[in-house]
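Hi,

Here is the structure I promised to pass on.

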Amino acid sequence: MPQRKPGETIEQFAIRSAWTYGHFWTAENVAGWNVRHEDLPNLSASDPVVIAALRSYSQSDVTRYAKAVFDLHGRSPVFDGEMGPALEHFAANNTDRCSVPDFAPPPGVQCSFLDPSVQAVAERMQADLAMPAQGSGGWAGCHGIGNFHCAIARWDVTRKPSHLPDDLFLSVLKSVQRAYAEIGLLWRFVDAQMRDLLNGDDLSGNSVNTDCSFVRSSDGWIGLAIVGRNETCQSRIWAKFLNTYTGGSTPSQVANNWFSLIAHELGHNCGRSHTNGGIMNPSLVRGLPQTWQGDPSEGWMRQQFGGEAVPVPGDTGPPPKPPTDDARLRAIEIKNAVQDAAIQFLIDAVRRR
C-alpha cells in the first residue's frame with residue numbers, strides 16, 4: 001500500500017490511496033478519469049469525484065471495511081463515500097495489500113506512478129482495455145503437454161528470505177501447483193538452469209512464461225504482477241514478491257499465507273482481477289484453504305482453463321476430480337461479505353464478555 005507522507009492528513013492519504021488503486025477510473029466516475037497524481041493535494045473529501053472514488057475504494061475490500069464499521073460503530077456499513085472514522089481506519093490500516101489497481105486507466109487517460117513496476121502493470125491493464133475481449137485462458141497447449149494449459153515460471157531465489165527456507169518454499173510451490181492443476185492449468189516452477197524445482201526434470205529448450213523474483217523493498221506492496229491476457233508460450237511477464245513479508249510466526253502460518261500470496265500474483269498473471277474475498281482479495285486474507293475450490297474466482301478459473309483437473313508431474317494416482325455441483329460456484333457479493341463481518345463482530349462481542 002502507499003506509505004503515508006510526512007505532514008499528509010489521513011484525508012489526503014485516503015484520497016491518494018483511492019487514486020493509486022484505480023478508483024478514480026471506474027465507469028461510474030467519468031469525471032475522475034483525468035484526475036492526475038499532481039491534482040490530488042487540491043482535492044477534498046467533499047468533492048463529488050472524491051466521494052465516488054472513496055465509495056468504490058471502500059467496496060474494494062468489503063470484509064475489511066465492514067469490520068472497521070462494526071468495530072467502530074456497531075452497525076452495518078453504508079457505502080456512501082463519506083469520510084469518517086471507519087474510512088479513515090480502513091485507509092490507514094489497509095495492509096498486506098496488492099498494488100495491482102482494482103480498475104485500469106481507461107484508454108487515452110494518462111497515469112503516472114512513482115513506482116516503475118506499478119506503472120508497467122497499469123500500462124499493461126490499460127492496453128488490454130483497448131483490445132477486443134477474448135474468452136480462453138492463456139498457455140493453451142504450451143510446452144507439448146497435451147490438450148490443456150501449461151506455463152513455466154522461473155524463480156530467481158537470490159533474495160529469497162531466510163524465514164522461507166527451501167523445504168518450506170518448495171512445499172508452498174507444490175501446494176500452488178496442485179491448486180492450479182485442479183482447475184486445469186499446470187504451472188511448472190524452474191530455477192535459473194531450467195531445472196524443475198519440484199521434481200528435478202530438465203526443462204531446457206522450453207520458454208519461460210513468467211519471471212518470479214524476490215525484492216528487498218517496494219512502494220508498500222508485498223506482491224505485484226503483470227495482469228496477463230491469453231498468454232502464449234512466447235509471452236514473457238513477471239511477478240515480484242517482497243522478501244521482508246513474513247506471513248506469520250509459525251511454519252504453518254508462513255506456508256498458508258505465502259501460498260495465498262503466490263497464488264494471488266500468479267492469478268494476476270492468468271488475467272484475473274481482484275475480487276471481494278478469497279485468494280484474489282486485494283488485501284491478503286489469512287487462513288484460506290489452499291485451493292481454488294469454493295473460492296470466488298473458482299468459476300472464472302474453471303472457465304478460463306477448462307475446469308478439468310490435469311496431471312501433476314511426480315504425483316501418483318489419478319488427479320483429483322473437480323466438484324460438479326454448479327451451485328457451489330458462487331460469487332461473493334457485497335451483502336455476503338457484510339454478513340460475514342457481522343457474524344464475526346457478534347462472535348468477538350460475545351468473547352469479550
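**Arg16 and the helix around it**

Arg16 is found in helix H1; helices (H or I, at least four residues) and strands (E, at least two) are DSSP runs, numbered from the N terminus. Before going further: this is a predicted model, where local features need pLDDT of at least 70, side-chain atom pairs count only at pLDDT 80 or more, and totals for chains, interfaces and linings use all residues. Residues are numbered from 1 along each chain as its sequence is written, and side-chain values use heavy atoms, with hydrogens and water left out.

Is Arg16 buried or exposed? Its relative accessibility is 10%, so Arg16 counts as buried (buried means under 20% relative accessible area, exposed over 50%, partly exposed in between, with a 1.4 Å probe and protein chains only). Leaving aside residues up to four places away in sequence, Arg16 touches Pro2, Gln3, Arg4, Lys5, Glu8, His37 and Leu40; contact here means heavy atoms within 4.5 Å.

After H1 comes Gly22, with a positive phi near 90°.

**H2 and its packing**

Helix H2 covers residues 48-59, and its 12 residues reach 17 Å from first C-alpha to last. That is close to the expected 16 Å at 1.5 Å a residue, the expected span being 1.5 Å times one less than the number of residues. In H2, nine of the 12 residues are buried, so H2 too is largely enclosed by the rest of the structure. Among them are Val49, Val50, Ile51 and Leu54. What do the buried residues of H2 pack against? Their partners are helix H1 (10-20), helix H3 (62-73) and helix H4 (85-92).

For H1 and H2, the packing angle is about 70° and the axes are 9 Å apart. Axes are lines fitted to C-alpha atoms, for helices over the stretch in contact, and angles run from 0 to 180 degrees between N-to-C directions. The two helices are therefore roughly perpendicular to each other (the term covers 65 to 115 degrees). H1 contributes Ala14, Ile15, Ser17 and Ala18 to the contact, and H2 contributes Val50, Ala53, Leu54 and Tyr57. These residues divide into seven nonpolar, one polar and no charged. Ala, Val, Leu, Ile, Met, Phe, Trp, Tyr, Cys and Pro count as nonpolar, Asp, Glu, Lys and Arg as charged, and the others, Gly among them, as polar.

**Two other spots**

Ile145 sits in the loop between helix H5 (116-129) and strand E1 (149-156) and is partly exposed, at 25% relative accessible area. Its C-alpha is 9.9 Å from that of Pro311, 166 residues away along the chain.

Glu298 belongs to helix H8 (residues 298-305) and is buried, with a relative accessible area of 1%.

**The whole chain**

The chain has nine helices and five strands. Of its 353 residues, 53% are buried. Among contacts with a separation of 6 or more, 67% join residues 24 or more positions apart.

Cheers

Note on methods. Angles under 35 degrees count as roughly parallel, over 145 as roughly antiparallel, 65 to 115 as roughly perpendicular and the rest as oblique.
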